[in-house]
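Thanks for coming. I will go through one model this morning, starting with the layout of the chains and ending with a helix.

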Amino acid sequence: MDYHSPASFAEASALAANATGVTRFLAGGTDVLVQLRSELVTPDTLIDIKKIDGVSDITRNADGSWTLGVAATGAEMSEHPELGSDWPGVVEAMDLIGSTQVQGRATLTGNLCNGSPAADSVPAMVAAGVTVSVTGPDGTRDVAVEEIPTGPGKTSLSKGEVISAVKIPARGDNAGDAYLRFIPRTEMDIAVVGVGVSLRLDGDTVTEARVSLGAVAPTVLLVEDCAKAIIGSTLDDAALDALAAAASAACNPIDDKRGTIAFRTEVAGVLAKRAAKIAYARAKGEKA
Amino acid sequence: MSKLHVTTTVNGDEVDFLCDPRETLLDCLRDKLNLTGAKEGCGTGDCGACSVTVDGRLVCSCLMLGAEAEGKTIETVEGIADGDVLHPLQQKFIEHAALQCGICTPGILVAAKSLLEKNPNPTEEETRYWLAGNLCRCTGYDKIIRAVMETAEELREAS
């Protein structure tokens, strides 16, 4: 295995483009090193992107949007004085991943590129409308988070492409987001179902919404029918029931020891309601 | 396969070693630097027995490559006591019998010290969540939590 620590994303991309065999990028390493250790994936070329300038920065831009370096950790996101008040759902989703030790290393980009359908931060990012910058041999382009995963362990990134930044939109007024997941214990487990909701209000009425489901299909889903179910409503019981029905209808889960198909489908609806209520309360300015 | 030359600071001393790119920081601490306090329990970041701090941040040394330690500042359990004088946490672990087999203890001491540096007055719940990544199959955790809570109280009174 060759270990590289390039000084720029262009250099990282060129290294990957010219590499033969299995290539992995190394950010926090909390998945890459586990796969290396368990001999699931033994890279021929490992490209550590943490020596690139600015990769740990969390920056609020002049227009209110956020740019996160690809090596910014969950702990750094949780400790940031302002990110969590703008995007509590994104921060709480990332914070659910692993232990204190894992939080000290794990990153949004790693969670995304690992390609797990059950990745906690991904539904929250999809709901929030997060995009990533992808640097490749032909330059840099912006891609919506929901377009990155293509199946368990698989992404749409092609050879030589590397995610070089995470861009969270400006939160704006009267808006809130939330992420909830179900696990069979209280801490440190993989989601059986995850739901991210982001919405905006005009008075009491929902005017914009994005709802995303995790762990109920081969990839994280952006479910437009869920958004339609609550847009124009005041999140009354009828709208919540329609939201739950749309969430359950979007599910195409696996049946395993951690949750049956019927259970995951039911819980997706329940969590969608609860997450929407939290996002709504946050959009109203209530601390929740 | 060529070895990588890594220079890093461990418990205040600048050290260097040669490592294979696949070797973890834990491998390097134990096998190159003879610092065998950090233990390998699972090797996959689940048990916390290999906990160390890197630039002040609590991490599993099994989830980091030795090569990534270049230029970093690392603290391990060997750096906690001041010569023969135990750190208050170590003393409290003895008083409370907060260990049996001892495999998890170095990692828990490093993790608990990191908690108290960040939050000198944690609640029991905060302490239990902070230490959730450190598994102990002997004590049932209660004695560990009591030792950490009492150390926190004494350190607050002393400061």
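Into which domains is chain B divided? Chain B has domain 1 (4-79) and domain 2 (88-158), with bounds that come from an automatic or database domain assignment.

Before going on, the conventions. This is a predicted model, in which local features need pLDDT of at least 70 and side-chain atom pairs count only at pLDDT 80 or more, while totals for chains, interfaces and linings use all residues. Residues are numbered from 1 along each chain as its sequence is written, and chains are lettered from A and ligands numbered from 1 in the order in which they are written.

Back to chain B. The centres of its domain 1 and domain 2, taken over C-alpha atoms, are separated by 21 Å. Domain 1 of chain B puts 14 residues into the contact between the two, and domain 2 of chain B puts in eleven residues. Contact here means that the C-beta atoms of two residues, placed from the backbone, lie within 7 Å. On the domain 1 side, strand β3 (residues 51-54) of chain B gives the most, with three residues. That side divides into seven nonpolar, six polar and one charged. For the classes, Ala, Val, Leu, Ile, Met, Phe, Trp, Tyr, Cys and Pro count as nonpolar, Asp, Glu, Lys and Arg as charged, and the others, Gly among them, as polar.

As for secondary structure, chain B has five helices and five strands, in the order β-β-α-β-β-β-α-α-α-α along the sequence. Helices (H or I, at least four residues) and strands (E, at least two) are DSSP runs, numbered from the N terminus.

Now the overall dimensions. The C-alpha atoms of chain B fill a box of roughly 50 × 30 × 25 Å along the principal axes. A compact globule of 159 residues would have a radius of gyration near 15 Å, and chain B has 16 Å, which agrees. That radius is taken over C-alpha atoms, and the globule rule is 2.2 Å times the number of residues to the power 0.38. In chain B, 41% of the 159 residues count as buried, meaning that 20 or more other C-beta atoms, placed from the backbone, lie within 10 Å of the residue's own. Of the contacts in chain B with a separation of 6 or more, 59% are between residues 24 or more positions apart.

Next, the contact between the chains. It takes 22 residues from chain B and 22 residues from chain A. On the chain B side, β4 (57-60) and α4 (124-130) are the elements that give two or more residues. The largest share of that side, four residues, is from β4(B). By class, the side has twelve nonpolar, seven polar and three charged residues.

Chain A is assigned domain 1 (2-116 + 131-168) and domain 2 (175-283). Their C-alpha centres lie 25 Å apart. The contact between them takes 14 residues from domain 1 of chain A and 13 residues from domain 2 of chain A.

Last, helix α10 (residues 237-250) of chain A. Its 14 residues should span 20 Å at 1.5 Å a residue, and the end C-alpha atoms are 20 Å apart, which agrees; the expected span is 1.5 Å times one less than the number of residues. Buried residues in α10(A) include Leu240(A), Leu243(A) and Ala247(A). Among the elements that cover the buried residues of α10(A) are β12 (193-202), β13 (205-214) and α11 (261-283) of chain A.

Definitions and conventions. Buried ≥ 20, exposed ≤ 12 C-beta atoms within 10 Å, placed from the backbone.
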